[in-house]
Amino acid sequence: MPERAGSVFGYQVAFCWRNSALYGGTFLFGLLYALARERKVPWLRWLLKPMSFWGLILFVLPMAVDGVTHMLGLRDMSENVSMDMWYSLLLTPSGSQLFSINWWVRIVTGLLAALGVVWFAFGRFDKVARESEALWRRYYPRPARTEAAGEQPAAQTGQQAR
């Protein structure tokens, strides 16, 4: 919808700011999760322990409130806010232009939801992947390699087994 997408340099753009923040944030926080998992950034270790379901709800709730209040038309600020105050803060009061209040709210709530999803899900995905790999190795072990012991298989040496 045009009112959700905003414009860049006066041209309407064909993507939603909130979705862009949600998907971009998931990518960014996913990279941070990978850095924490590889122990390259020790202060991100908190991201490795998955948060509870209720924690996820708390992180997604601001985006849900923002979306519902926009959908119901409860937050049209153009009539209630002094224009001088907003322009002095380099913010426009309504619409979805870059750096407007709506833009900031959509970006921040999308990033919060993305952080919540990564913190909730990535640790669980990682655990399931490790368990699946361990099961696979248990039931389908790798065959012993003769090259590792310094011997060459008979087919390569030209000799036949006697």
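I began at G73, which sits just after helix 3 and takes a positive phi of about 70 degrees. Helices here are DSSP runs of H or I of at least four residues, numbered from the N terminus.

I noted the basis before going on. The model is predicted, so I took local features only at pLDDT of at least 70 and side-chain atom pairs only at pLDDT 80 or more, while totals for chains, interfaces and linings use all residues. Residues are numbered from 1 along each chain as its sequence is written, and side-chain values use heavy atoms, with hydrogens and water left out.

**Helix 3**

I looked up the extent of helix 3, which covers residues 53-71. It has 19 residues and reaches 26 Å from its first C-alpha to its last, close to the 27 Å expected at 1.5 Å a residue. The expected span is 1.5 Å times one less than the number of residues.

I checked the axis and found a kink of about 35 degrees at V60, shortly before the proline P62. The bend at a residue is the angle between axes fitted to the seven residues ending there and the seven starting there.

I listed the buried positions of helix 3 as G55, L56, M63, D66 and T69. Buried means under 20% relative accessible area, exposed over 50%, and partly exposed in between, with a 1.4 Å probe and protein chains only. These buried residues pack against helix 2 (17-37) and helix 5; contact means heavy atoms within 4.5 Å.

I then turned to V68, also in helix 3. V68 counts as partly exposed, because its relative accessibility is 40%.

**Helix 5**

A kink of about 30 degrees is centred on A121.

I looked up D126 in helix 5. D126 is buried, because its relative accessible area is 15%. Leaving out residues up to four places away in sequence, D126 touches Y33 and R37.

**Loop between helix 2 and helix 3**

I ended at R39, in this loop. R39 has a positive phi of about 60 degrees although it is not a glycine. Most residues other than glycine have a negative phi. R39 is exposed, at 65% relative accessible area.

Note on methods. Helix = DSSP H or I, 4+ residues; strand = E, 2+ residues; numbered from the N terminus.
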